[in-house]
Structure formats: C-alpha cells, structure tokens
Amino acid sequence: MLDLINVSYDTQIPNNVGLSQDKKVLKALEKWHPGYINWWNDLIPQNFQESLVYLRTAVSVDPKGWAKFDYVKMPEYRWGVLLAPQVEGRTIPCGEHYGEPAWQEVPGEYRNMLKRLIVIQGDTEPASVEQQRMLALTAPSLYDMRNLFQVNVEEGRHLWAMVYLLHKYFGRDGREEADDLLRRSSGSEEAPRMLGAFNEETPDWLSFFMFTYFTDRDGKMQLESLAQSGFDPLSRTCRFMLTEEAHHMFVGETGVGRTIERTCQVMKENGIDDPYDTAKIRDLGVIDLPLIQKKLNLHYTLSLDLFGQEVSTNAANAFNAGIKGRYMEARIKDDHQLKADTYTVWDFEDGKAVQKEVPALTAINMRLRDDYTKDAAGGVKRWNKIIEKFGIDFEMALPHESFNRKIGVFADRHFNPEGQMVTGAEYDKGLPEWLPTNADGDFIASLMKPCYEAGQYAGWIAPPKVGIDNKPGDFEYVKLHMA
Amino acid sequence: MSKRIDFQTDPSRYRHWRVEYDGEVANLVMDVDEKGGLFDGYELKLNSYDLGVDIELADIVQRMRFEHPEVKVVVMQSGKDRVFCAGANIRMLGGASHAHKVNFCKFTNETRNTFEAAEEDSGQKYIAAVQGSCAGGGYELALACNYIMLTNDSSSSVALPEVPLLAVLPGTGGLTRVTDKRKVRRDLADVFCSVEEGVRGQRAVDWKLVDEVVPNSKFAETVQERAREFAAQSTKATGDKGIELTPISRSFAEDGSVSYSLVEVAIEREAGRATITIKGPEEDAPDSTDALHAQGADAYLLRVARELDDAILHLRLNERELGLLVFRTQGDPEKLLAHEKMLLDNADFWLANEILKYWKRVLKRIDMTSRSLVALVEHGSCFAGVFAEILWSVDRSYMMLEEFDGDNRPLATVTLSESNFGTYPMGHDLSRLANRFWADGAEAEKLRDRIGEPLEAEDAEKLGLITYALDDIDWEDEVRVFMEERASFSPDAMTGMEANLRFVGPETMETRIFGRLTAWQNWIFQRPNAVGPDGALQRYGTGQRGDFNMERV
C-alpha cells in the first residue's frame, strides 16, 4: 500500500508518488538527475556548495508539519517529487468540461497545450536560481543567505516537480523538453530562458527582495491558476508548490520591510525628517525611501508584463479547455465557463486609454493580473505602516499599470507612474525620478558588502523580528565552508 | 471590403518590410507594422501578414530582379524579437469573405512561387534565416526559400499548426512543399502537421524541415557567412546594373474602366465582362542590349507586361462580379515579333532574360485566373509569339475569317514564334502548345515549321490554334451568344470546369499547390467546421474550440 502523505526515501528521489513501483519514470528521472546535479554544481559558487545550510526539507505533504529543518550541504539536498494528496471525486473546475471528473491522464486533445504550460512554468524555476547565483557573495547576514538558499533549493525542487510531470505524462517529447530545461540558461546568448524577465540578472539584495515579492508573486498566481487545472497531477503538484512559494514571498516582503525599517531608523537617529534629503541619507549607508519606491516601480511593472497580453487567445484556450483556471476558481460565483460574461480591460481608442468590456474568456490574463495587483498591495500597506510608525512623511505606492510596460496595450507608450499619458520629453525628464538610474544602482551596489558573522547584519538592513524555525538571533544559519 | 486594393507600391511606401542592400547580398527584413493592416478590425501582431504585407513582398521580389540584378543572395529574416513570422493573420482570415480568402491565398501562392523560382530564373537565391517562432504561413515563407537556417536556441521552431489550431490547411504551399520539395517522409509530415508547436533544433534537420541549425550565439554571423558562400558559388554575372521600375501609367474611369499606356480594360457591368485590349508596339525593337537597358521600364514588352499584370490582379481582387474576361490585341504582329526576337536573341543578357521570365509569370497568372477567359482574334490584331500564348491560356478563342464588310484592318492572323515551344512554360512545365495538344510534345513540335508564318483563320483553325473561325455573317451573333451563355452559367461550376480543363497531363509541385492543395483548402474554407459560427476559424481567439460535425464527407 502506497503512503501518499509521507515522503518515501526508498529511491534516490524522495517522492510521494510511488516512484519505486513506477520503474519507467524512475529510470527516466534517474537519467535526468546527473544533468541536474551538474547544473547545480556549476551554478552556485563552490564554497557555498560545501557549506552546511540550515534548510527545511519536505517530509510530508500534510499541511501540518510538512517539513523538517536541519543542516545540509545544498548538493545533497533531497530534491523530490511531491504532490498534494488526491482529493476524492475532484471535478474539472472550469471551461467546457466543467463538472466532469478531473483527468488523471493527459487528455490527448490538450496534450500540447498542457505540455507548453508546464514547460513555460518549468523554465522559470531554474531561471531565478541562475539569476541569483552570485548573491551569496554579498549576503547582508547568514540569516539572509540561508533564506536565499532556501528559495534556491525550492525553485530547484519546483523544476523537479515539472520534470516529473513531463517524464511521467509526455513520453519522449516530455523527456526532450526536460533536457532542454537544463540546456536553456538565464541571460544566455546561446539558449536564453523563455520569458524575458528571467534573463535579467538579479544584481543586488534589494533587487532580490523585490524579485521574490513581486516576480515570485506572479509565479504564485500562475501556480494558483494551474492548481485549478482539470489535469489532476498538475493541480496536485502546484498545490504543494504553493506551500513552499509562500516562504519566498515572505522573504521578499520582510526583506523590503527590513530595508525600510533600517532607513527610517537611521534617519530618526540622525534627525532627518525629509525623506527626499537623499544625499544625506545615502551618506549614512542606508537606502533612501524614494529609491526603494523606484525599485518597487521597476519590479512591479516588469512583473505585470509577465501576465502577457490583456486579451489573450492562449489564456482563453487554456481556461476553456479546463487546464488552467482563475485565481480561487472554486470561490468564484459564476458558471465557471464564462459563456456570456464580460470583463473590463484597457484598450486604446483615438490615442486615448479607455476601459472597455470584452468577453471574459479572452480576458483571463487581465483578471489574473488584477488579482495579482490586489494581492501585491497588501505588503505595500504593511511597509507603509513601518514608515508611519517612525513618523516619516512618505508613502510607498504601486505605480499605475500603464507605467513602464513592454507588453500589452500600454507597451511603447509613455505614461507616468500616476497613469497619465505624457510626451516623450516629459517622460525622459521624469524617468530619473521614477526608475532607478545607473547612479542609483551603483549606490546600492556600494552597500552590498557581505556580513558573515552569526547574528550580525549589514548596516542597510534591520534584523528580522523572529528567527527561522524560531531560532535565536545569533543562530548560525549557514556554517560557511572556508576553503 | 469595398475599397480598391492597389497592387502598385514602391519602397517609399513600404510599412512592413525593409531591404538592406549589401553588395551581392540583400537582407530582407520582415518587420510588420501592427497597425498597418489593409482593412480594419485586426492588428498584424507577431509579424503576421495580410494581403497588404504580401503586396509589398511581391514588389520587393520584382524590384530585386529588375532594379538589383547585382544581388545574388537574399536573406529573409525577421525584424522582431523571438518571432520570425506567425503566418497569415487569423482575425483577418476569420473576418474575410470566402472570395477574399481565396484571392488572398492565390496571390500569396504566386508570390511564394516567384521568389522560389528566382534562383533558377534569375540567379537570386533566397535564404530564410529563422530566429523565433516560424509558424504556419511563416514557415511557408521559409519553405519557398531555397535554403532554410534555424537557430538552435532550444525554443525557436518551425511549425505548421493550421490543422490542430484552426481546422484549416497550411494552404500556401505548406503541405506540398514539405513533401515534394523538402522530401519529408509523408508519415513524419503527418506528425509535423499535427503538432501545434512544431519541431526545433537538430530534429528539424533530421526531418529535413530545415537545411541547417546554427548555435544561437553564432547565428547572425553564420547566416552572413552562408550568404557570402552562396554568392561566391553563384554563376550569375557580377556587377549587372539595374533599371528603375518607374510607376506605371494608369487611370480609372467612373464606370471602373482602366486605361494604361498599352492596355485598356473596358467594363460592361451589366454583361458581367471586362474586355482587355492590348496595344502592339509602335516603335521598332531596340537594336542592342544597351538600347534595351536605356529604355528600362519603358521597353515595350516590359511595360506591357507590367500593365497587363496589374490589370489581371485588379480584376481578380476588385472586380469579382465580372465573370468573363475578353482578351483582344491590336497592332502590328511583325513589330511585336521583332521585340520578342530581340529578347530571345539576347536571353543571356540579364534584362532580356528578366523580361522573358516575367512574361512567363504573367501568362501563368492568366492561367490561374478563375474567370471564364476568351480571346477574340480580330482583324488588325497581333496574336503573335508571346501574345499568341494568350490564345492557349484562355478557355476559348474566336477568330475572324476572311474580310469583314467595312473593316479595312489587316486580316486577322496568328503567328508562331520560337518562344511558343518552351520559353513560357505553364505551371506543370509544359508549353501551352504541348498542353493544348493533350500534353503531347511531339504533336506540338509538328508546328515548328510554321514558325514565322502569319496564319489566317482557316489555317489556324485547322491547326487547332483557335476554337472557331467565323466569317462576317456569323461573327457577331456567335460571339454574342457565347458570351451571354457563359455569363449565365454558375460561376462555381465554371471555375471548377475551367480549372480542370486548362491543365492537361502531368502534375508538378506548383500544380499540386494550385490544384490539389488549394482545392481542398477552398473546400475547407466553405465548411462549417472551419468557417461556421462555431467553426475553429471563427472561434479562434475566443478561447472556445471549434464545434465539429464529426461526420466524414
């Protein structure tokens, strides 16, 4: 009898899918495994590979107590294949097959569409590890370094999760796609990652926090909608991935929050009330709030682009096929087929941005993006609470969705962060106030000095309120290997 | 779609393509202006195309030959990131009338054939340099090139997704070229044409879908290297100086009649017909290749070809209710033959060759025109040599026999020239004469000893060069009755009957495209599974799949 809650370690690959009895897939995965390990080993600088990192490893898919914490060398991390438990009698939650029993095998007619979705999702997972590979060299603390590595190994595991689906359900094509997931590489001229945003380097820790807050949240939304898939194995995989993804967003939100907190604290200590007195603030070695806002503007808008065109045939097809749902599909009160519904999207008429109603089925991306914006607003509110507590007159805000867009109806037009259309000249003039400049980047880079003492933090960031796994403040989250 | 579609353009008006001339290599960059659609209601996203985009391409290919004979290799590539070309614009197709779709496909097919043949005809080799997705009509563009290079970035692919995605065929030569030209084995072609996402990397080479895959980082460099190599291997003469294709002279009358300098299109709307009258040359033939070059676009046979070509295209697209096209000529057959002879004698001179090859294409365009075609060989006409080909392109011909009362024009004759025995082959590679005589080349060859002899109606009829010779008593009535009868038949049955009877004998890739592939595509274009309100083509973009009637027909 298979134990589908607790993770089985009887094969090289931890899993709760009965791999030891599925020789064919096990063989395929074992063949893929060395390539993955090589990828990992070539990626992360050597001394970190040898270091002992206090990581959580999934041991169960039971929402209560699914992980255990321990020191582990990253290459020895037990990446595994973990699916949320099967829900008895689950039905397809949306589209033309609404209400039919969920698919346990790939429906032939949707095989290619499913494969493409899985490959695109899979391609982003290793990409972010590649983007972040150098960050440990400038970690502001061992606590943060540990969080970075936790995010990295879990993104690695998410790659595994997608590769398992490809191996298990997509035959030879799937195996080739799985190989290509290791062949493509972020920023590579030879074979870049599929989505543009995943080919940009993550140059510093504030970028990393912004990335995990904003871009990983796009990942969360995509996983949320894939968790609604009528293809049950994909749904179960994504549901478990979401458990892990929550931590990544936590790292982002608290990272930005701690940066803000430290800035406010230093301003207060030095009697600075004006958040725009940036020269003085920067001299004190902390990142001024307007610059944090600029970073926010950048990462939020790049992440909006990841949702694709507002009106999208692919998204409509996927929804109607029942292989990708909406955020919280089950809680939405409608026919789940969108036969007659409309949804409001932006468009351009006579050079003006206007909102208009389009068939809701074609606006699936737009809806998910709107849900994303609502979801992303929560953290911004909490960041403002921190500023408010220090009595500083400054408020972070999400820019308007039209600002700085490269994809969708706003692409290649000039808008300011408030969403007003501006001329090219006004745009160029405003840009240094709206997005980080090279000088801003240089300044942030100048602060990126490693701080490897247990319990110590770089000067630009405040310590966390609570430790990971409730460990005390001076806990050594990474036992660095000093070669 | 009532606005007049104009097939005349020039580089100053291009919105979708640009050409960078670099000595013997030309870089042809497709960079479609999303907002530049010929009609409202769709955006040309992802380098997708409509008729307007293709009209520009046809113009470029034509100018490449006449204005840039120094070019030996043309590199077709995309100006956009991550997409080579997404093919014909689906929303445009979804919104277009059946007739427009058919005409659109025909014109794009002719354009593909034109640049495909450029290597053999003009020594201009087309390379497709594919980066990004290359799907449907995009891959069909590449297929018509003489060499396909694909980047190996693990996401760029070639694909024919029409069947799974839209429930139509890759109808711009796709299905046919994959097997007949690229020699993809038919079962692999079956796999390829059923997979929406296509094939990438080494497998694309293994399956012969592309000639070469190149590492992404070396792609641009390798493409230019290959272009230089091909240019160096070319046997085309070096350093030819082009001529300018100046704007043609054309005016439209209120009733829709069109006047060119050498071609008149008279429209009789009630009768459903257009009469195309071609004027023979007045001036003598140029006496040297230098003189021909100096005449440039004004050289008689080039000018008249351009005008006739434009007239045919205009009638096809803009005058769809004129079901009968009547061809007439007026002029001195000897002078015409002298012009043609000058070209035939100097066929190794690039411009003479280009003009002859252009006539081959124009005559094919007539063969492929789905209207009832008739030629009237009247007194004073010049159906000689190249113009005689028209007689064997059309469905029937009527010739004036003996003198007509009160008509002092020279007696109607038909004169054969050397060119009628192979200079202007049809799509199935036979001369029109061979095609006329049951694809029997020997039968046609028997006519060789009549070359140069002005054949009057009785002889012409006896030799089978015309349908009927009619004298003054019968002419008017017979011609009238024929035209009235023709105009009363079902246009669909006419198109079908004529398309079948016009081509006798063997098939080539070209006739398989225009015959088999196009006929099936046009059938599918009528079927509810594609174009019905719940068909895949209509539903494309809505997220809903086509609702198919599963009955096999």
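Colleague: Is α4(A) mostly covered or mostly uncovered, and how many of its 28 residues are buried?

Modeller: Happy to take you through it. Bear in mind that this is a predicted model, in which local features need pLDDT of at least 70, side-chain atom pairs count only at pLDDT 80 or more, and totals for chains, interfaces and linings use all residues. Residues are numbered from 1 along each chain as its sequence is written, chains are lettered from A and ligands numbered from 1 in the order in which they are written, and side-chain values use heavy atoms, with hydrogens and water left out.

α4(A) is mostly covered, with 27 of its 28 residues buried (buried means under 20% relative accessible area, exposed over 50%, partly exposed in between, with a 1.4 Å probe and protein chains only). The helix runs over residues 142–169 of chain A and reaches 40 Å from its first C-alpha to its last, close to the 40 Å expected at 1.5 Å a residue; that expected span is 1.5 Å times one less than the number of residues. Helices here are DSSP runs of H or I with at least four residues, strands are runs of E with at least two, and both are numbered from the N terminus.

Now for the two ends. At the N-terminal end, A:Ser141 caps α4(A), a side-chain oxygen lying 3.3 Å from the backbone nitrogen of A:Tyr143. After the helix comes A:Gly171, whose phi is positive, near 55°.

Another salt bridge pairs B:Arg200 with A:Asp180, the closest N and O atoms being 2.7 Å apart. B:Arg200 lies in strand β11 (residues 199–200) of chain B and A:Asp180 in helix α5 of chain A, so the pair joins two chains. B:Arg200 is partly exposed, with a relative accessible area of 23%, whereas A:Asp180 is buried at 12%.

Key
A polar contact is a pair of N or O atoms within 3.5 Å; within protein, one must be able to donate a hydrogen and the other to accept it, and residues adjacent in sequence count only if both atoms are side-chain atoms. A salt bridge is a side-chain nitrogen of Lys or Arg within 4 Å of a carboxyl oxygen of Asp or Glu.
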